[in-house]
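This report walks through one protein chain, from single residues to the whole fold. Please keep the sequence and the structure in view while reading.

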Amino acid sequence: RGETVKAFVTLKAGEQATEEEIIEFCKDKLAPYKRPKAVEFREEIPKSAVGKVLRKDLRAEEEAKQDK
């Protein structure tokens, strides 16, 4: 459908990771079609008042980046 999996990652204070480390970790845990092809590190991920991740907001941000 033209969509690719992208992981949005927020690291705990003092922790470090690279995009390659995240993808390698996912190889052991996820099926090939579920593995992220890209990783974006963020300070915080948008959440609702209940604490659920606002996936629509993340998707809208990505679509806006691609439209530029």
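Does Arg-42 count as buried or exposed, and what relative accessibility lies behind that label? The model is a predicted one, and in it Arg-42 has a relative accessibility of 18%, so this residue counts as buried, given that the label requires a value under 20%.

## Arg-42 and its partners

Arg-42 is found in the loop that runs between strand β2, residues 38–41, and helix α2, residues 55–67. Its side chain takes part in a polar contact of 2.5 Å with the side chain of Glu-61, and another polar contact, of 3.2 Å, links the side chain of Arg-42 to that of Glu-40.

When residues up to four places away in sequence are set aside, Arg-42 touches Phe-8, Val-9, Thr-10, Leu-58 and Glu-61.

## Glu-40 in strand β2

Glu-40, the partner of Arg-42 in the contact of 3.2 Å, has its place in strand β2. With a relative accessibility of 14%, Glu-40 counts as buried, because this value falls under the cut-off of 20%.

Leaving out residues up to four places away in sequence, Glu-40 touches Lys-6, Ala-7, Phe-8, Val-9, Glu-62 and Lys-65. Glu-40 can also be compared in position with Glu-19: the two are 21 residues apart in sequence, while their C-alpha atoms are 7.8 Å apart in space.

Apart from residues up to four places away in sequence, Ile-22 touches Val-9, Ala-17, Val-39 and Phe-41. The C-alpha atoms of Ile-22 and Phe-8 are separated by 10 Å, and these two residues lie 14 residues apart along the chain.

In soluble globular proteins, nonpolar side chains tend to be buried together. In this model, the largest nonpolar core consists of five residues, namely Ala-7, Val-9, Ile-22, Cys-26 and Val-39. Strand β1, residues 6–9, and helix α1 each supply at least two residues of this core.

## The largest pocket

Rolling a probe the size of a water molecule over the atoms shows where empty space is left. The largest pocket found in this model has a volume of about 560 Å³. It is lined by 13 residues, and those closest to its centre are Glu-3, Thr-4, Lys-6, Arg-59 and Glu-62. The elements that give two or more residues to this lining are β1 and α2.

Which element gives the most to the lining of the largest pocket, and with how many residues? Helix α2 does so, with six residues. By type, the residues of the lining divide into four nonpolar, three polar and six charged.

## Ala-64 in helix α2

Ala-64 also has its place in helix α2. Its relative accessibility is 39%, and Ala-64 therefore counts as partly exposed, a label given to values between 20% and 50%. Ala-64 and Gly-2 are 62 residues apart in sequence, and from C-alpha to C-alpha they are 16 Å apart in space.

## The chain as a whole

How many helices and strands does the secondary structure of the chain come to? There are two helices and two strands, and from the N terminus on these elements follow the order β-α-β-α. The C-alpha atoms of the chain fill a box of roughly 35 × 30 × 25 Å, taken along the principal axes.

The chain has 68 residues, and buried residues make up 16% of them. Among the contacts in the chain with a separation of 6 or more, 53% are accounted for by residues 24 or more positions apart.

Key:
Residues are numbered from 1 along each chain as its sequence is written. This is a predicted model: local features need pLDDT of at least 70, side-chain atom pairs count only at pLDDT 80 or more; totals for chains, interfaces and linings use all residues. Side-chain values use heavy atoms; hydrogens and water are left out. Contact means heavy atoms within 4.5 Å. A nonpolar core is a set of buried Ala, Val, Leu, Ile, Met, Phe, Trp, Tyr and Cys residues joined through side-chain atoms within 4.5 Å. Buried means under 20% relative accessible area, exposed over 50%, partly exposed in between (1.4 Å probe, protein chains only). Helices (H or I, at least four residues) and strands (E, at least two) are DSSP runs, numbered from the N terminus. A polar contact is a pair of N or O atoms within 3.5 Å; within protein, one must be able to donate a hydrogen and the other to accept it, and residues adjacent in sequence count only if both atoms are side-chain atoms. On a 1 Å grid over the protein atoms alone, a cavity is a set of points where a 1.4 Å probe fits but cannot get out, and a pocket is an open set with protein on both sides within 12 Å along at least five of seven lines; lining residues have an atom within 4 Å of a point. Grid points are joined across faces, edges and corners, and a volume is the space filled by probe spheres set on the points. Ala, Val, Leu, Ile, Met, Phe, Trp, Tyr, Cys and Pro count as nonpolar, Asp, Glu, Lys and Arg as charged, and the others, Gly among them, as polar.
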